[in-house]
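Visitor: I have not seen this one before. Can you walk me through it?

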Amino acid sequence: MSDVILSAQSVGRTFGAFRALYGISVDFQRGKLTSIIGPNGAGKSTFFNLLSGAFPPSEGRIVFEGRDITGTPQHKFAALGIAKSFQITNVFPQLPVHENVRVALQALASRYQIWKPRSSLPELADKADALLETVGLTDRRLRAAGTMAHGEQRALEIAMALAANPRLLLLDEPTAGMSPEETKAMMDLILKLASERTVVLVEHKMKLVMGISDRLLVLHHGELLAEGTPDEIRHNDTVKRVYLGQREH
Amino acid sequence: MLNPHLVARCKQHRVILAIAFLVIFPLLMPFKAIAVNILIYGLFALGFNMLFGTLGLLSFGHAALFGGGAYACGLVMLKLGLPWYVGIIGSVLAGMLIAATIGAFAIRTRGIYFAMVTLALAQCLYFLADQATDLTGGENGLRGVDLNTIQLPGFTLNFVDPLTRYYVVAFFVAVALFVLSRILASPFGAVLEAVRENEARARACGYNVRMVRYLAFILSGGFCGLAGALQALHLSIVPLETLAISNSGLVVMMSLLGGMGTFFGPFVGAGVFLLLENLVSLWTVHWQIFVGAAFVACVLFFPRGIWGTILMGRGR
């Protein structure tokens with residue numbers, strides 16, 4: 001199997017007259033944790049949304065495991081083996097935590113079964129419990145998801161993203177709005193997940209991802225400014241100027 | 001306070017409880033015809049609420065599904081000369097077919113646009129029925145949908161007798177309630193909840209949200225079509241107004257009045273609405289003012305609807 005799991009080939013995106021992203025070409029290595037960083041407005045979220053299929057690129061191609069997935073509708077991504085978490089917390093707020101995960105698991109097992117009861121799929125309930133254990137939400141399983149603390153909801157989102165057992169996990173600012181303790185727990189969780197699958201992470205706070213990433217991509221004004229290991233990025237003069245320089249004030 | 005264990009038990013057996021209620025219901029009503037009307041509109045409202053309450057889609061064209069079912073039942077009996085139960089089956093299929101057609105256009109839109117597209121297409125059907133006088137009787141309605149006796153192995157039911165008629169209609173409503181309850185408890189029911197709760201998340205999970213909506217619309221059409229057929233048999237005529245916009249509005253009101261977020265709410269709403277209409281109109285011809293005022297008061301002070309408010313007081 002090829003080492004490249006996901007490849008963006010001259011991918012660009014415009015919104016009306018505004019050019020959010022200029023032809024970016026990147027290969028994402030299988031089994032690595034790659035972080036996409038950059039200041040506000042650098043095009044990180046646009047790039048993430050193109051990779052995760054929220055909307056198609058205006059130009060270029062996106063190739064997953066050798067297969068062109070440009071323009072594939074969002075709901076087919078889970079079956080391909082790609083899952084994502086959202087930047088804004090995105091759960092089913094009124095449903096119990098356990099049902100959130102169960103319904104995510106059900107997407108790949110049974111979509112249009114209208115006659116049997118839900119309990120006819122007991123293996124889903126068990127798997128949901130296992131996933132809640134992974135993200136540390138076992139004791140919350142019957143709470144309405146929307147009533148949990150912010151950090152717990154983000155963890156639930158990760159559990160839902162894992163439901164499809166994806167080979168590629170895309171995370172959009174998973175620690176946004178979290179307390180330092182929650183951030184620490186989330187980073188530990190991400191490290192644990194990255195040991196088993198490919199993870200691509202979008203993050204605003206560079207310091208957070210320096211320690212855990214295998215590779216870093218730096219975006220700036222919609223262009224790929226630099227790419228390399230954390231060490232290379234740390235010593236890259238251009239990056240220092242546009243990105244690190246900003247953090248001092 | 002009610003024992004929460006008992007409440008949970010009741011929820012579990014809601015269909016059995018509902019059937020028990022259906023059996024004694026006509027004895028509580030001032031006259032039997034109201035009871036039959038409440039059953040029919042209750043079923044219509046439940047079918048409508050499958051889209052409105054369960055999925056959050058406000059259709060303003062459900063009269064097309066209800067009226068389409070009524071006409072289908074009448075036409076199967078009058079023009080094809082087939083028995084009434086074939087008419088019932090035809091009405092369910094017609095309701096689903098009309099829903100599939102309207103849905104094919106409407107399901108791409110959302111919110112007010114969805115309401116407008118469904119409304120416009122339902123109006124098309126209304127004018128079509130109005131013009132096709134040879135088939136539908138036009139303004140005069142489709143007359144002569146007569147059902148007097150029902151032959152069952154061993155005995156004969158007299159459908160003209162009000163109480164017998166009630167129980168025949170109640171039988172079909174009970175079957176529909178059972179089917180609806182199964183659907184909502186099924187894996188597909190779980191998908192409906194997920195789509196209502198968070199569309200983007202449901203899509204990321206791998207659900208084709210548009211397809212889910214479309215299927216729910218078609219299922220809703222089946223229930224509404226059945227309600228229409230029962231009305232045709234009950235009235236022995238299909239008035240053109242069955243397809244009218246006022247009927248679409250009525251079912252929205254009933255759902256809101258009873259509580260769109262609950263299983264039986266729409267049924268309760270239909271009951272309260274029709275009872276108010278009948279009782280107030282005995283006293284004054286301006287009954288709509290009073291029913292309207294009751295509706296406004298309910299929306300303002302009990303946004304969960306009558307049934308939703310009762311359940312909230314008990315359950316939690």
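Guide: Here are some notes on a sheet and on a chain contact. This is a predicted model, where local features need pLDDT of at least 70, side-chain atom pairs count only at pLDDT 80 or more, and totals for chains, interfaces and linings use all residues. Residues are numbered from 1 along each chain as its sequence is written, and chains are lettered from A and ligands numbered from 1 in the order in which they are written.

Visitor: What is the strand order of the open sheet in chain A?

Guide: The order is 6-7-8-3-9-10, with mixed pairing. Strands pair if DSSP finds at least two bridges between them; strands (E, at least two residues) and helices (H or I, at least four) are DSSP runs, numbered from the N terminus.

Visitor: Which strands stand at the edges?

Guide: Strand 6 (82-85) and strand 10 (223-228) of chain A; each has a single partner strand, so one side of each is left without a neighbour in the sheet.

Visitor: And how do strand 7 and strand 8 of chain A pair? In what sense?

Guide: In the parallel sense, over five bridges. A:Leu170 stands opposite A:Val200 in strand 8 of chain A.

Visitor: Changing topic, how many residues does each chain give to the contact?

Guide: Chain A gives 28 residues and chain B gives 22. Residues are in contact if their C-beta atoms, placed from the backbone, lie within 7 Å.

Visitor: Which element of chain B gives the most?

Guide: Helix 9 of chain B, with seven residues on the side that touches chain A.

Conventions: Contact = placed C-beta atoms within 7 Å.
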